[in-house]
Amino acid sequence: MSNYDHNTRPVYNAAYPVNVSIGITLTQIFDVDERNQVISTNIWFDQEWYDEKLIWDPDDYNGLKVFRIPCASIWRPDIVLYNSADDYNNGYMQALAMVHSNGQVFWPPIVKLRSTCNIDITYFPFDDQRCKLKMGSWAYDGFQVDLYARDNPVDLSTFVSNGEWELIKVEAIRNVITYPCCPEPFPDVTFYIHIRRRTLYYTYNVIIPCVMLSTLTLSGFWMRPDSGEKVTLGLTVLLAFSVFMLLVAENMPATSSFVPLIGIYLTTVMSMTSLSVILAVLTSNINHRGQKEVSVPRWLAVILTGLSKVMCMDLVFVNGRNKRSADDWQTGSGRGVQRPYHYISTAVSGDSGCLIDYENGDTHAQLPNNHSNHMTRQQGNQREDNKDYLLIIQKLDELIAREEERDKADLYIKQWVEVAEIIDRFFFWLFVTGTLIASLFLLIVYPLFKETKEIVPQVT
């Protein structure tokens, strides 16, 4: 080592390059920061090359074939991480280098790397990520330091599994690239780390609560249309979805390049919940329409008849069963104003029905012969009695008319309540179908078609 210069390349002929083989022993994935798009890893960075100036005969040194030497005392290649996320390179651990008698040098420092990674959150939380560690010489070109991958470039025997990410595989690809700054080629070895997110955490904390909230949205359609809690329930569920959306957005990078799958699902169910609130207001309005004594249009009755058959529901009031139609109320073809007063007047007065003739306006009606004298003698008193009878009949007319109006108003109310119930049930099944399709497609089917990109070496 007396004439050894660790600042120059360890070759006697400067025209020859130093062939450096590198590999990594991946021990742990510390963190994947989706928001800042940075991955932190802990590796043993294995570097191997031949130093022509460190060759000796073991017989001259008591059979010494391998010895350890401080790495600062020998030449080392300036291998750096091209896509480093640190402000500057702090250098590697000052580990001892193993030098063999044939000039082979092996140097495995322990390094914690923070590298940039293009996070694709399209399928979040069912996403796979491919992060790369691009290793190469910073100052030496390919004619001075030629870089290769070791025979076994990746060692995972000491890897510690991560609770959030599952390691699928690690590949090493050698690339030769010519940069605009220099005409010489610069080789590098890029390690591609393929990881897959573990979905159990997000399934229990995001997906299942979202499905439960969607179920609460569906349960709102079973509440009575005249209940104001339908709108309150919908707004509460919508607020809960907004909280989940904020929780997901906090961990996602602020980028417009990708839209996360869970974000699409939350937006879909939030849209359906908002629509359910609007429909709750609509059905509530329909339910109270009967108070305005408006009959159900025939075209709406036809549509509701078809919907009721599809949903196996019975129409009692809209179809005319167990009721009189609104047209019957207007034409008087039902119970009507048939007044059975002949029996009442006869029972009270004891006559043969002259009171009825008098009520109908026939003031010159002929009385029966056998009562003529009697009626003549009591004509004055009878007229007073007739006024009482007419007053009773008039009051009975008013009572019956009021009852008929009450029944008519009650009919309209029941008709529109039935309309609201049919519409509510129809929208329930419509939302059940939409929720099932959205959940199955976005959470199960769509993630199955994730694209796997092939890694091709770059030679430019």
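Among contacts between residues at least 6 apart in sequence, 76% join residues at least 24 apart in the protein chain. The model is a predicted one. Its chain has 460 residues, of which 41% count as buried, and its secondary structure comes to nine helices and eleven strands.

The loop between strand S1 (18-33) and strand S2 (38-50) holds glutamate 34. With a relative accessibility of 8%, glutamate 34 counts as buried, because the cut-off for that class is under 20%. The side chain of glutamate 34 has a polar partner: a polar contact of 2.7 Å links it to the side chain of arginine 197. Apart from neighbours within four places in sequence, the residues in contact with glutamate 34 are Ile119, Glu164, Trp165, Arg197, Asn251 and Pro253. Of these, Asn251 has the number that ends helix H2 (residues 229-251).

Glutamine 37 is also placed in the loop between S1 and S2. Glutamine 37 is not a glycine, yet its phi is positive, at about 55 degrees. Its relative accessibility is 24%, so glutamine 37 counts as partly exposed.

A positive phi is found again at asparagine 62, which is not a glycine either and has a value of about 60 degrees. Asparagine 62 belongs to the loop between S2 and strand S3 (66-70). Here the relative accessibility is 79%, and asparagine 62 therefore counts as exposed, the cut-off being over 50%.

Another backbone feature concerns a proline. The peptide bond that runs from phenylalanine 124 to proline 125 is cis, and its omega is near 5 degrees. Proline 125 is located in the loop between strand S7 (110-116) and strand S8 (128-137).

The next part of the chain to consider is a pair of helices. How do the axes of helix H1 (residues 200-219) and helix H2 (residues 229-251) cross? They come within 9 Å of each other, at an angle of roughly 165 degrees. This angle makes H1 roughly antiparallel to H2, because angles over 145 degrees fall in that class. The crossing in which H1 passes H2 is left-handed. On the H1 side, the contact is made by Asn205, Val206, Pro209, Cys210, Leu213, Ser214, Leu216, Thr217 and Ser219. On the H2 side, the contributing residues are Leu233, Val237, Ala240, Phe241, Phe244 and Val248. By class, the residues of this contact divide into eleven nonpolar, four polar and no charged.

The side chains of threonine 273 and threonine 217 are joined by a polar contact of 3.5 Å. Is threonine 273 buried or exposed? Its relative accessibility is 1%, so threonine 273 counts as buried.

Note on methods
Residues numbered from 1 in each chain as written. Predicted model: local features only at pLDDT ≥ 70, side-chain atom pairs only at ≥ 80, totals over all residues. Heavy atoms only, no water. Axes fitted to C-alpha atoms, helices over the stretch in contact; angles between N-to-C directions. Helix = DSSP H or I, 4+ residues; strand = E, 2+ residues; numbered from the N terminus. Parallel < 35°, antiparallel > 145°, perpendicular 65-115°, else oblique. Left-handed = near helix turned anticlockwise from the far one by under 90°. Contact = heavy atoms within 4.5 Å. Nonpolar A, V, L, I, M, F, W, Y, C, P; charged D, E, K, R; others polar. Buried < 20%, exposed > 50% of the residue type's maximum accessible area, 1.4 Å probe, protein only. Polar contact = N/O pair within 3.5 Å; in protein donor to acceptor, adjacent residues only side chain to side chain.
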